Amino acid sequence: MGEDPDVHIGTLGSGSDYTPFIQHLGVPSTDIGSEGPYGVYHSVFDNYNWFIKFADPTFVYEQQQARVFGLEILHMADADVLPYDYELYGKEIVGYVEAAQHRATTADLKLEFSAALTAAHRFAAASTAIHAKQENPQADPAALVSLNEALRSAEEALLNPAGLPKRTWFKHTIYAPASSPATPP
């Protein structure tokens, strides 16, 4: 089987350095990493000695990861318009609501999803419109500042100031860590 050339982008969960930025402050965040079946993560063997013996003795992979981080930073810093993909985000949100509706129907729960679907579709439509502006930005510096501010503040607009039910520190209404088993949903 051949290698998959696509870069896979997943959702940000919780429990890492970006958590307070996305979950509490609504700051657009990223997490770049690599993974593999090494089996020592967060164990007593997850240490420098194991790393230099088994994982990356010459630090070639670490250097490559630093290059990827550097390219991301340069791309963000040099962009006239922030390269946030709210068009894909809008499609994902519609998909999340539709999946929740499907699960509820499968479980024979009588839940009303029309308001959530309407809001998700409005977000998707707005994200398509903003994507068009990103693709064809105005040369006026004030317009670029305004567009970038709208892109930057979109994530903040997805916060619930009161926080999530029974988890008030977490405020993001789209992405939040799962409730612990001891915490009722």
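What pattern does the protein follow, read along the sequence? The pattern is α-α-α-α-α-α. The model is a predicted one. Its secondary structure comprises 6 helices and 0 strands.

**Overall form**

The radius of gyration of the protein is 20 Å, while the globule rule gives 16 Å for 185 residues, so the protein is more spread out than a compact globule. The C-alpha trace spans about 55 × 50 × 40 Å along its principal axes. Of the 185 residues, 23% count as buried.

**The nonpolar core**

In soluble globular proteins, nonpolar side chains tend to be buried together. Here the largest nonpolar core holds 19 residues. Tyr86, Tyr89 and Leu151 have the most contacts inside this core.

H4 gives the most, with 6 residues.

Which residues does Tyr89 touch, leaving aside those up to four places away in sequence? Tyr89 touches Phe123, Glu155, Leu158, His172, Ile174 and Tyr175.

**Surface and charge**

The accessible surface of the protein comes to about 13,400 Å². Carbon and sulfur atoms account for 60% of that surface. The protein carries 11 positive and 23 negative side chains. The centres of these two sets lie 10 Å apart.

Technical notes. Residues are numbered from 1 along each chain as its sequence is written. This is a predicted model: local features need pLDDT of at least 70, side-chain atom pairs count only at pLDDT 80 or more; totals for chains, interfaces and linings use all residues. Side-chain values use heavy atoms; hydrogens and water are left out. A nonpolar core is a set of buried Ala, Val, Leu, Ile, Met, Phe, Trp, Tyr and Cys residues joined through side-chain atoms within 4.5 Å. Buried means under 20% relative accessible area, exposed over 50%, partly exposed in between (1.4 Å probe, protein chains only). Helices (H or I, at least four residues) and strands (E, at least two) are DSSP runs, numbered from the N terminus. Contact means heavy atoms within 4.5 Å. The radius of gyration is taken over C-alpha atoms; the globule rule is 2.2 Å times the number of residues to the power 0.38. Accessible areas come from the Shrake-Rupley method with a 1.4 Å probe; for residues, only the protein chains shown count as cover. Lys and Arg count as positive and Asp and Glu as negative; His and the chain ends are not counted. The place of a charge is taken as NZ of Lys, CZ of Arg, CG of Asp or CD of Glu.
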